[in-house]
Amino acid sequence: MLESRITTQNLSFAYKTKQIINNVDLNVAAGQVLVILGPNGIGKSTLLNCLSGVLNKYQGDILVNDQSLRQLTIKDLSHQVALVSQGVNIKSSLTLFDYLLLGRSSFHSIFDQPDDHDKTIVKQIIQQIGLENYTNISLQSMSGGQRQLAIIGRALAQEPQILIMDEPTSALDYRNQTVVLKLIKMLSDQGISIVMSTHDPNQAQMVGDQVGLLIDNQTYKQGPVNEILTDKYLSKLYGIPIISTYNELVDRKIFGIGMD
């Protein structure tokens with residue numbers, strides 16, 4: 001059995017009297033990709049913000065490498081879990097290299113300067129995200145897809161074991177979506193555990209090992225891709241007919257909306 005990296009036990013969260021998520025039990029093993037699916041407003045971002053420590057007034061427990069998240073210092077947490085938030089709009093004039101160096105700040109005191117090791121890590125990450133030709137280019141001069149890769153790169157600079165990604169392909173064209181999805185698959189192959197949300201079940205089919213459905217504010221269902229990504233479950237999830245067909249060219253199911 002694969003070693004668990006992050007698990008939840010009866011995880012619930014409410015804004016005032018409104019229950020957002022309730023009794024979520026999830027488990028992500030080392031190197032696994034868990035894809036969270038659900039309609040708008042169902043609590044996907046809330047769930048991911050709890051897992052990353054952004055929201056801490058939850059009920060239940062979150063275990064990171066078998067240790068309660070509540071017991072971890074901010075510094076310790078940042079070395080295990082990194083968050084790629086949804087819709088981050090970078091307006092910095094920093095170069096890509098300097099922006100990624102900011103991701104190394106938790107390894108030093110406030111007055112320390114980045115050292116050679118930090119710079120080596122950043123150079124490796126820039127190569128990993130495929131932006132070697134943009135090392136000294138301002139973020140403002142980059143495309144939206146390149147900036148999204150930069151945001152992921154900054155999270156990777158924390159050297160996390162777990163990467164939390166809130167709709168990492170939103171607002172990207174097909175080409176840049178493919179670039180990000182290939183990067184996610186590569187990171188999982190390197191042993192990084194990933195929890196990501198998306199609206200597209202086809203993305204879950206492409207990169208997911210496990211799928212978690214937030215069916216309503218009371219129901220969470222997780223399991224292997226082939227068990228969870230069914231027409232029945234997805235139709236219930238989105239409240240519309242979802243029909244899948246097998247595509248031999250790409251060797252997987254393709255999901256679409258039934259118009260009848």
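The legends below describe close-up views of a predicted protein model. Residues are numbered from 1 along each chain as its sequence is written, and side-chain values use heavy atoms, with hydrogens and water left out.

**View 1. Domain 1 and domain 2 of the protein chain.** Domain 1 covers 1–80 + 164–232, and domain 2 covers 89–159; these bounds come from an automatic or database domain assignment. The domain centres, taken over C-alpha atoms, are 24 Å apart. To the contact (heavy atoms within 4.5 Å), domain 1 gives 14 residues and domain 2 gives 12 residues.

**View 2. The interface between domain 1 and domain 2.** About 1100 Å² is buried between the two domains, 64% of it on carbon and sulfur atoms; buried area is the accessible area (1.4 Å probe) that two parts lose on being put together, summed over both. On the domain 1 side, S78, H79 and L183 supply 40% of the area buried against domain 2, more than any other three residues. Polar contacts between the domains number 5 residue pairs, both residues at pLDDT 80 or more. A polar contact is a pair of N or O atoms within 3.5 Å; within protein, one must be able to donate a hydrogen and the other to accept it, and residues adjacent in sequence count only if both atoms are side-chain atoms.

**View 3. The side of domain 1 that touches domain 2.** Helices (H or I, at least four residues) and strands (E, at least two) are DSSP runs, numbered from the N terminus. The largest share, 6 residues, comes from α6. By class, this side has 9 nonpolar, 4 polar and 1 charged residues; Ala, Val, Leu, Ile, Met, Phe, Trp, Tyr, Cys and Pro count as nonpolar, Asp, Glu, Lys and Arg as charged, and the others, Gly among them, as polar.

**View 4. The salt bridges of R104 with D118 and E159.** R104 and D118 meet at 2.9 Å, N to O. The pair links distant parts of the chain, 14 residues apart: R104 lies in the loop between α3 (96–101) and α4 (116–128), and D118 in helix α4. E159 and R104 meet at 2.7 Å, N to O. Here the partners are 55 residues apart, with E159 in the loop between α5 (144–156) and β8. R104 is buried at a relative accessible area of 2%, and E159 is partly exposed at 38%. Buried means under 20% relative accessible area, exposed over 50%, partly exposed in between (1.4 Å probe, protein chains only).

**View 5. The salt bridge between R70 and D61.** The closest N and O atoms of this pair are 3.9 Å apart. R70 is partly exposed at 45% relative accessibility, whereas D61 is buried at 18%.

**View 6. Positive phi at N65 and A171.** N65 has phi near 50° and sits in the loop between β5 (59–64) and β6 (67–68). A171 has phi of about 70° and sits in the loop between β8 (162–166) and α6.

Key:
A salt bridge is a side-chain nitrogen of Lys or Arg within 4 Å of a carboxyl oxygen of Asp or Glu.
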